[in-house]
Amino acid sequence: MHYDLLIRGGTCVTPWGTETIDLGIRDGRIADLASSADATAESVIDAAGLHVLPGLIDSHVHLRDPGDPAVETIETGTRAAVLGGIATLFDMPNTVPPIADAERLAWKRDYVVGRSWCDIGLYVAGTKTNINALAALEREPGVCAVKVFAGSSTAALMIEDDAHLERAMRSGHRRMAFHSEDEDRLQARKTLFSRGQPYRTHMEWRDEECAFLGTRRLMALARRAGRSTHILHVSTAEELAYLRDFRDVATVEVLVNHLTQVAPDCYDTLGGFGVMNPPIRGERHRAAAWAAIRDGTVDTIGSDHAPHARAAKGQPWPDCPAGLTGVQTLVPIMLDHVAAGRLSLARLVDLMAAGPARVYGLTRKGRIAAGYDADFTLVDLQARRRIEESWIVSPCGWTPFAGTDVTGWPIATIVRGHLVMRDDAVLGAPAGGLARFSA
């Protein structure tokens, strides 16, 4: 049997277990598992000593394009993704201008081609002025979900009141993604603080109740509207406990930062480079996030990659913009958690491959199985590396994990049968395309 690509000798993480098998790839799809010893191919990858994972997915990324190319672009952000072992990412819509109508969405679909190193799903922004169009927009090719900012956004993109939120939920049927913070509480508390206070003030302003109140409101509306929701970057113990009773209408995302960093230490160490929304919180909340990983409450893990210029992040609080880089460091940090015994490799694959595919209706991705896209992340679980800013390719040039020592590293990224990264080198030309979703 002849293939386009053979991956030989790797330890593959499949839906039914972990085994050492040879993978045969043809026409960008997985043609055979356990191909014969005499099989041939145009290219052969020796994966002995490596674990072969289904292509990992970062379902929460802000590529800032269109926007400021000095901070990030489709090309640089997806280059960062494949260097970090990500084969597919989902791009948020709060660009300049935002992706909130059919015309801008069509432009973005065309713009991705020839610029992206990995496959991309596109969020569409839900706003007060496009509610009637959401049911049609969510069915457009390449759309992973409608994203609603229920707090913490510009006025043009925010839907903060119950009446408009319920109308948005009743427009369409696919799972809708939410940034959950209560805008009224945020604005009321803003007057309690002043410029130049310590960066840790960020978590005091956007306190636990801001997030929990927002999530309680959304769950009440989701039940009433019968709409499936995905609550993004859940950051509090209270929300995680509460959401266990809403599995009929809600799935849950946590971020690598909320699993890894802890306040107030992160603000004292990182300053503005630790400021994000929702904030990094104390150890009680981090422990609750790990408990939710272990008991199955959490469905997906993302980076919320949201770069800003280094100079902007160095401004006093609250002038420093909220958002951290992360798409390039997500896999190394999570592999280090695997090495530390905080979760299994199989659970990591569930959270970063099968989980996003299940939550968003992503087709032909998320598992190693015949007929699926030939997306793979090859990792060395024993490799020891230090994350250095010299490795970061986003133009902003910084990471909140600079100087972090990790065990586990992505060695190769394969997208639809194309080897796009090997040993820290990006190969060939951008060949990523639009991901496909069930309607």
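Arginine 64 is buried, with a relative accessible area of 17% (buried means under 20% relative accessible area, exposed over 50%, partly exposed in between, with a 1.4 Å probe and protein chains only). The model is predicted: local features need pLDDT of at least 70, side-chain atom pairs count only at pLDDT 80 or more, and totals for chains, interfaces and linings use all residues. Residues are numbered from 1 along each chain as its sequence is written, and side-chain values use heavy atoms, with hydrogens and water left out.

Arginine 64 sits in the loop between β6 and α1. Helices (H or I, at least four residues) and strands (E, at least two) are DSSP runs, numbered from the N terminus. The phi of arginine 64 is near 60°, a positive value in a residue other than glycine. The loop between β6 (56-61) and α1 (74-83) also holds proline 66. The peptide bond from aspartate 65 to proline 66 is cis, with omega near 10°.

Arginine 416 also has a positive phi, of about 50°, although it is not a glycine. This arginine 416 lies in the loop between β15 (405-415) and β16 (418-422). Its relative accessibility is 24%, so arginine 416 counts as partly exposed. A cis peptide bond also runs from asparagine 277 to proline 278, with omega near -10°. Proline 278 belongs to the loop between α10 and α11.

Empty space was examined next. Rolling a probe the size of a water molecule over the atoms shows where such space is left. On a 1 Å grid over the protein atoms alone, a cavity is a set of points where a 1.4 Å probe fits but cannot get out. A pocket is an open set with protein on both sides within 12 Å along at least five of seven lines, and lining residues have an atom within 4 Å of a point. Grid points are joined across faces, edges and corners, and a volume is the space filled by probe spheres set on the points.

The largest pocket holds about 920 Å³ of space. Its lining has 40 residues, and the closest to its centre are Asn94, Ser152, Ser153, Asn277 and Ala322. The elements that give two or more residues to this lining are β9 (143-149), α5 (183-190) and α6 (201-205). The largest share, four residues, comes from α5. By type, the lining of the largest pocket divides into 18 nonpolar, 15 polar and seven charged residues. Here Ala, Val, Leu, Ile, Met, Phe, Trp, Tyr, Cys and Pro count as nonpolar, Asp, Glu, Lys and Arg as charged, and the others, Gly among them, as polar.

The second largest pocket has a volume of about 200 Å³. Helix α10 (residues 265-270) gives the most to its lining, with four residues. Other stretches contribute too: the lining includes Thr260, Gln261, Pro400 and Phe401. Six of the lining residues are nonpolar, four are polar and one is charged.

Three cavities of 30 Å³ or more are found in the whole structure. The largest cavity has a volume of about 50 Å³. Among its lining residues are His305, Gln328, Ile392 and Trp398. This lining has three nonpolar, seven polar and no charged residues. The second largest cavity has a volume of about 40 Å³. Helix α11 (residues 283-295) gives the largest share of its lining, three residues. The lining of the second largest cavity includes Ser235, His258, Arg281 and Arg286, and divides into one nonpolar, five polar and two charged residues.
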